Every structure is written in structure tokens, then in C-alpha cells.
Amino acid sequence: MSASSHCARPGCGGSAAASLTYDYASRTVWLDHPGDGPEGGWGMCAAHAETLTVPVGWALTDRRRPIIPLRPQIAV
Ligand SMILES: [Zn+2]
């Protein structure tokens with residue numbers, strides 16, 4: 001029920017900065033803010049989330065990145 005609050009990497013135990021989930025069917029790995037992602041995600045500390053690699057043929061989507069609105073182009 002509760003999201004993992006600690007890094008799932010063996011021997012790490014750092015506090016989770018991201019939640020990792022994956023889908024075999026679409027070969028996609030997602031990183032979400034802990035608590036934002038789907039239930040059952042694996043906790044990842046900041047260091048392990050940044051260095052995460054996915055198998056060949058898989059896509060990694062980091063959904064933690066904030067959406068930065070583009071500045072409107074204003075002609076002066
Ligand atoms: Zn870690």
C-alpha cells in the first residue's frame with residue numbers, strides 16, 4: 001500500500017528520491033516522484049535514479065522533470 005521509502009538497490013538503503021516502475025509489454029521504465037507513481041514502485045535514491053540504465057530496447061521516461069512553460073515570444 002505504501003510506496004517504498006528507501007532505495008531498493010541491495011546494500012544501499014538510501015532514502016528514495018524516485019519511484020521506479022516498469023512495463024514489460026511496452027518495454028518502458030518510469031521514474032516518478034515517490035508517492036506520485038503507480039503503487040508497487042521500487043524506491044530509488046537520487047544517486048541510483050540518476051545512474052539508472054535500462055536494457056537495450058527499453059525506454060526510460062523520467063516523469064520527475066518539471067514541465068517548464070516556454071516563454072512566449074514577444075516582439076518588442
Ligand atoms: Zn540507492
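The protein has one helix and four strands. Helices (DSSP runs of H or I, at least four residues) and strands (runs of E, at least two) are numbered from the N terminus. This is a predicted model: local features need pLDDT of at least 70, side-chain atom pairs count only at pLDDT 80 or more, and totals for chains, interfaces and linings use all residues. Residues are numbered from 1 along each chain as its sequence is written, and side-chain values use heavy atoms, with hydrogens and water left out.

**Stop 1: the whole chain**

Colour by secondary structure. Starting at the N terminus, the order of elements is β-β-β-α-β. Now show the surface. The protein exposes about 5,800 Å², and carbon and sulfur atoms supply 57% of that area. Accessible areas come from the Shrake-Rupley method with a 1.4 Å probe; for residues, only the protein chains shown count as cover.

How much of the protein is buried? Of its 76 residues, 24% are buried. Buried means under 20% relative accessible area, exposed means over 50%, and partly exposed is in between (1.4 Å probe, protein chains only).

Next, think about contacts, meaning heavy atoms within 4.5 Å. Take the contacts between residues at least 6 apart in sequence: 55% of them join residues at least 24 apart.

**Stop 2: the zinc ion**

Select the zinc ion. Which residues coordinate the zinc ion? They are C7 (SG), C12 (SG), C45 (SG) and H48 (ND1), at 2.0 to 2.3 Å. Donors are N, O and S atoms within 2.8 Å of the metal (3.2 Å for Na, K and Ca); water is not among the atoms, so sites may look incomplete.

The four donor atoms subtend angles of 105 to 116° at the zinc ion, so the arrangement is tetrahedral. Four donors count as tetrahedral if all angles lie between 85 and 135 degrees.

Follow the donors along the chain. Their spacing is C-x4-C-x32-C-x2-H. C7 is buried, with a relative accessible area of 8%. H48 is partly exposed, at 22%.

**Stop 3: the aromatic rings**

Show the side chains of Y22, Y24 and W58. Ring pairs link these residues into a cluster. A pair of aromatic rings is described by the distance of the centres and the angle of the planes. Rings of Phe, Tyr and Trp (its six-membered ring) pair if their centres lie within 6.5 Å; planes under 30 degrees apart count as stacked, over 60 as edge-to-face and the rest as tilted.

How many aromatic pairs does this rule give? The count is two. Y22 and Y24 form an edge-to-face pair, with 5.5 Å centre to centre and 80° between the planes. Y22 is partly exposed, at 41% relative accessible area, and Y24 is exposed, at 61%. Y24 and W58 also form an edge-to-face pair, with centres 5.5 Å apart and planes at 80°. Y24 lies in the loop between β1 (18–23) and β2 (28–32), and W58 in the loop between α1 (46–50) and β4 (59–62), so this pair ties together parts 34 residues apart in sequence.

**Stop 4: R27 and T28**

Go to R27, in the loop between β1 and β2. R27 has a positive phi of about 50°, although it is not a glycine. Is R27 buried or partly exposed? R27 is partly exposed, with a relative accessible area of 46%.

Now select T28, in strand β2. T28 is buried, at 12% relative accessibility. A polar atom of the T28 side chain lies 3.0 Å from the backbone oxygen of S26. Leaving out residues up to four places away in sequence, T28 touches T21, Y22, D23, W58, A59 and T61. One of these, Y22, belongs to the ring cluster, as does W58.

**Stop 5**

Select S19 in strand β1. S19 is buried, with a relative accessible area of 5%. Beyond its neighbours within four places in sequence, S19 is in contact with W30, L31, D32, H33, P34, G41 and W42.

Finish at G40, in the loop between β2 and β3 (42–44). G40 is exposed, at 69% relative accessibility.

Terms used: Four donors count as tetrahedral if all angles lie between 85 and 135 degrees; four count as square planar and six as octahedral if opposite donors are over 155 degrees apart and all others between 65 and 115; anything else is irregular. A polar contact is a pair of N or O atoms within 3.5 Å; within protein, one must be able to donate a hydrogen and the other to accept it, and residues adjacent in sequence count only if both atoms are side-chain atoms.
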